[in-house]
Amino acid sequence: MERQDRLQQVLIAPMPRHNLPALRLLLSTGILLGLFAPLGKVARESGISTAAWCFAIAGGGALVLLVLLLIQRRRIPLDLPHLRYYLIAALLSYVIPNLIIYAAVPHLGAGMTTLYFTLSPIVTLTFSILLGTRRPGWLGIVGILLGCAGALTVVFSKGQLGSPADLSWALLALIIPVSLAAGNVYRTIDWPQDGEPLVLAMGSNAVAALCLIIAAVIYDGALPFAALATTPILVVAQVIIAAAMFGLFFRLQVAGGPVYLSQIGYVAAATSLVIGVTMLGEHYGLATWAGGIVIVAGVIATTLDRGRRIH
């Protein structure tokens, strides 16, 4: 019963009002996350595989955070609740979505791929409805329908002008917001007792790195270290950005809750679109831009909708 009450509270908590610390965390985390896809595209064009690049982000981020924890002489719990949290959070929030993101970027473009982030708030809210913790009002229903319509528009617009994406990649990328939303909800409802954001960020990324080493061996037939050594400056830049983003990400989880946190997708998508168009030579058709606008409209509607609790 206590777990159910907690689940209801965290899933339907409204977006904080006049919460400047949470807003600063949202903007900074979203901007840093928005740099991932453009850097991943550059890495892919440099010959680094998807699994190897994802390992660099998770492993490098975990290493930097571990050094910080050791300097601060912080304890790193390895009890069952923490280990379970590290593993499930790693799979839902990092391994699954990021393997798809970096594999899809060459086919969809960095800008379009990160548009899928903008569906995360709607999917997070939808999970709360399916779990029976919230009954949406008419505005929430309209928002969900708009989000779905926008997503379908983006999918069937199929990415960059002059290089239409394979529809299968556009459809596969829909797993991104589903996995991210599941991770948003999970990280809150199973947050370990006395869990510290920096420790949980380090542990989750360390487990993700181990999973991605296995993925690199399976798909590349070798460990990822040699490939990463070919672009050291790019790797170091991504590791620094990743460590900063992960550290802020788990603080935002505490400050804003799962639905508010999921809105980093807007900031990330805008960041990646701007970089993709201005620096990477990407060009998107009117349908793709229109789909993105419709998704944002849907998210605004679901954010404004209060609905009601189901007790």
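This is a predicted model: local features need pLDDT of at least 70, side-chain atom pairs count only at pLDDT 80 or more; totals for chains, interfaces and linings use all residues.
# Notebook: bridges, rings and surface

**Entry 1**
Residues are numbered from 1 along each chain as its sequence is written, and side-chain values use heavy atoms, with hydrogens and water left out.

I searched the whole structure for salt bridges and got two. A salt bridge is a side-chain nitrogen of Lys or Arg within 4 Å of a carboxyl oxygen of Asp or Glu. One of them joins the side chains of Arg74 and Glu196, at 2.4 Å from N to O. Arg74 is in the loop between helix H4 (50-71) and helix H5 (80-108), and Glu196 is in the loop between helix H10 (175-189) and helix H11 (197-220), so the pair ties together parts 122 residues apart in sequence. Helices (H or I, at least four residues) and strands (E, at least two) are DSSP runs, numbered from the N terminus.

**Entry 2: Asp190 and Arg84**
I found a salt bridge between Asp190 and Arg84, whose closest N and O atoms are 3.0 Å apart. Asp190 lies in the loop between H10 and H11 and Arg84 lies in helix H5, so this pair ties together parts 106 residues apart in sequence. Asp190 is buried, at 8% relative accessible area, whereas Arg84 is partly exposed at 35%.

**Entry 3: aromatic rings**
I counted aromatic pairs next, and the count is six. The rings of Phe36 and Phe246 have centres 6.4 Å apart and planes at 80°, so I call this pair edge-to-face. The pair links distant parts of the chain, with Phe36 in helix H3 (residues 36-45) and Phe246 in helix H13 (residues 232-261), 210 residues apart. For the rule, rings of Phe, Tyr and Trp (its six-membered ring) pair if their centres lie within 6.5 Å; planes under 30 degrees apart count as stacked, over 60 as edge-to-face and the rest as tilted. Phe36 is buried at 3% relative accessible area, and Phe246 is buried at 6%.

I also looked up Tyr85 and Trp191, an edge-to-face pair with 6.0 Å centre to centre and 75° between the planes. Tyr85 is in helix H5 and Trp191 is in the loop between H10 and H11, 106 residues apart, and the pair links distant parts of the chain. Tyr85 is buried, with a relative accessible area of 0%; Trp191 also counts as buried, at 15%. I then found that Tyr85, Tyr186, Trp191, Phe249 and Phe250 form one aromatic cluster.

**Entry 4: Asn98**
I found Asn98 in helix H5. Asn98 is buried, at 7% relative accessible area. Leaving out residues up to four places away in sequence, Asn98 touches Cys54 and Ser93. Contact means heavy atoms within 4.5 Å.

How values were computed
Buried means under 20% relative accessible area, exposed over 50%, partly exposed in between (1.4 Å probe, protein chains only).
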